[in-house]
Amino acid sequence: MNDLVPVRNAIEFFSEAELRCKGSGIIQLDPRFASALVELRKAWGKSLSVNSVCRSPEHNAAIKGNPNSLHMTVNPKWPTLGTMAADINWRGWSLDEQLKFARFAWAKGWSVGLHNGFCHIDRRADLKLKELPQACFLYGEWDNQFTIEQIYP
Ligand SMILES: [Zn+2]
């Protein structure tokens, strides 16, 4: 039942509406992800709004998400205990702020995906699998405002 503590803490900073699957309404967060999300939010020190967190496998398929997406509440491939990814809405942020956030998340062990409208962050590295290391990647909808190389230390 202690697994519910990080989930409740996450709900302190993010509304249930933001966290829940937009298809099924389910909220099921991997506790490692939930804790890290709260830590990230506290350390960042400013509010963060999220576009997409939990996705049921059905909803993920409906929106054509990656078939092994870490947004899924139940993962067909990876040994997650719930959702391990969030899309931080950064539309309207300055470029400096976006780069600062991507670097900040990376330094805290998050994998980072750059999209014009959001920064995808996930805790894949917490699974400690050789085949799924911390990663930084670009979406098709990214206009190279800055590069992956600028995110690494
Ligand atoms: Zn995402």
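Predicted model: local features only at pLDDT ≥ 70, side-chain atom pairs only at ≥ 80, totals over all residues.
Hi everyone, let's start with helix α5, residues 95-107.

Now, which residues of α5 are buried? They are Q98, L99, F101, A102, A105 and W106. These residues cover an arc of only 160° around the axis, so they sit on the same side of α5. As a reminder, an α-helix has 3.6 residues a turn, so residues three or four places apart point the same way. On the other side of α5, D96 and A107 are exposed. And what covers the buried residues? The cover includes α3 (31-44) along with the strands β2 (85-89), β3 (111-114), β4 (118-122) and β5 (136-138). Just after α5, G109 has a positive phi of about 95°.

On to the zinc ion. Its protein donors are H71 through NE2, D87 through OD and H120 through ND1, lying 2.0 Å from the ion. Along the chain, the donors follow the spacing H-x15-D-x32-H. H71 has a relative accessible area of 2%, so it is buried. H120 counts as buried too, because its relative accessibility is 6%.

Last stop, E58 in helix α4, residues 57-62. Is E58 buried or exposed? With a relative accessible area of 60%, E58 is exposed. E58 and M72 are 14 residues apart in sequence, and their C-alpha atoms are 9.1 Å apart in space.

Notes
Residues numbered from 1 in each chain as written. Heavy atoms only, no water. Helix = DSSP H or I, 4+ residues; strand = E, 2+ residues; numbered from the N terminus. Buried < 20%, exposed > 50% of the residue type's maximum accessible area, 1.4 Å probe, protein only. Arc of directions from axis to C-beta. Contact = heavy atoms within 4.5 Å. Donors = N, O, S within 2.8 Å, 3.2 Å for Na, K, Ca; no water.
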